[in-house]
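Please look through the sequence and the structure shown here before reading the briefing that follows.

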Amino acid sequence: MSSVKNLRAGPEGLRGLIHGSVKAASVAAICAVLAACTSMGFDSADRAPPKLSSKIAASMSAKGMKPESPVLVRIFKQESELEVWKVDKSGHYALFKTYPMCRWSGKLGPKTKSGDRQAPEGFYHVSAGMLNPNSQYYVSFNLGYPNRLESALGYTGEALMVHGACSSSGCYAMTDQQVGEIYAIVDRALKGGQNQFQVQAYPFRMTARNMAAYKSDPNLGFWKTLKEGYDYFELTRRQPKVSVCGKRYVFNTEFAGGEPSDPLASCPPAVSQPEPEVAAKLNAEQQKLAAALGGGTSSAVNAYVDGGMHPSFRAILKNDGPKSMAAKVSGTKYPISRPEAALADPFAGSR
């Protein structure tokens with residue numbers, strides 16, 4: 001806007017016209033940045049989606065995985081990491097690759113309303129129709145926020161995605177190269193017969209130690225629920241079955257009369273029990289959590305500016321500046337979102 005303020009020369013009418021035009025263009029540019037993650041990308045021409053490279057296929061083969069085998073994604077805000085898991089020859093999920101995340105916005109905690117800049121936390125299921133090869137952020141996939149539980153709770157927002165370009169106002173932003181690779185992996189799994197893949201979005205790795213560090217946070221109750229699904233996957237390497245009732249997620253449970261239809265109503269009686277060995281491990285983890293919460297002090301972050309960025313990208317931002325970094329990580333025109341905030345690492349003492 002400083003260029004508008006500095007306009008001085010020319011007839012009054014021309015000066016006013018230029019002033020208005022520049023102001024409109026500046027506002028439009030600012031709105032485009034603020035609207036990041038809220039568009040499916042109407043300004044991109046049709047193009048062929050990224051294909052699975054021979055290098056990635058070879059890496060899968062070396063790990064006993066097939067391109068068409070099921071995929072699962074986990075996201076961790078505090079660590080600014082996105083994990084891609086694939087079913088291997090054992091029939092269980094194994095970690096294929098961990099991607100450092102370029103940018104996410106908001107702070108730890110679930111998204112509850114439009115405009116809060118919060119990146120979602122919870123369990124989501126992505127089908128082929130939620131993949132967008134023509135996103136204005138290179139390519140993307142929609143998380144499906146709000147899901148059934150979030151909709152029932154009255155949470156608002158739309159088009160929350162994993163996409164390219166290091167800019168976020170509620171999304172998880174990767175580099176173009178990263179998101180192209182991830183897109184190709186999940187697209188191939190969906191075309192191979194997986195109807196939808198699960199995305200588990202967490203505030204941090206849900207260890208008892210990390211939970212204890214945030215025991216004073218108002219989201220602790222919600223995070224305890226997320227941890228139940230996290231623990232099941234950690235212990236079994238199987239995708240948790242997710243139900244919603246009683247205003248919360250419920251995992252790996254069969255109910256009398258089938259799946260609950262009302263997320264806000266009390267859960268129907270359960271008619272299934274977890275396998276004894278798994279139940280014992282889950283119970284042991286709950287006891288570990290209770291012990292951790294009962295001792296020590298909370299060290300929750302209280303110096304938030306806005307979201308986070310993986311340390312590897314923060315180093316690039318610090319050394320090269322936002323304009324140079326934006327050109328390195330993406331072919332789009334979007335600047336790094338709130339670079340000053342990205343340089344302020346609120347989790348430095350947590351790593």
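Is Asp-306 buried or exposed? At 5% relative accessibility, Asp-306 counts as buried, where buried means under 20% relative accessible area, exposed over 50% and partly exposed in between, with a 1.4 Å probe and protein chains only. This is a predicted model, in which local features need pLDDT of at least 70 and side-chain atom pairs count only at pLDDT 80 or more, while totals for chains, interfaces and linings use all residues. Residues are numbered from 1 along each chain as its sequence is written, and side-chain values use heavy atoms, with hydrogens and water left out.

**Salt bridges**

- The count comes to 22 salt bridges, each being a side-chain nitrogen of Lys or Arg within 4 Å of a carboxyl oxygen of Asp or Glu.
- Arg-338 and Asp-306 meet through their side chains in a salt bridge with an N to O distance of 4.0 Å, and Arg-338 is partly exposed at 39%.
- Glu-234 and Arg-74 form a salt bridge of 2.9 Å, N to O; Glu-234 lies in helix 7 and Arg-74 in strand 1, so the pair ties together parts 160 residues apart in sequence, with helices (H or I, at least four residues) and strands (E, at least two) taken as DSSP runs numbered from the N terminus.
- Arg-74 is buried at 2% relative accessibility, whereas Glu-234 is partly exposed at 29%.

- Five strands form an open, mixed sheet in the order 3-2-1-10-5, where two strands pair if DSSP finds at least two bridges between them.
- The edge strands, strand 3 and strand 5, each pair on one side only.
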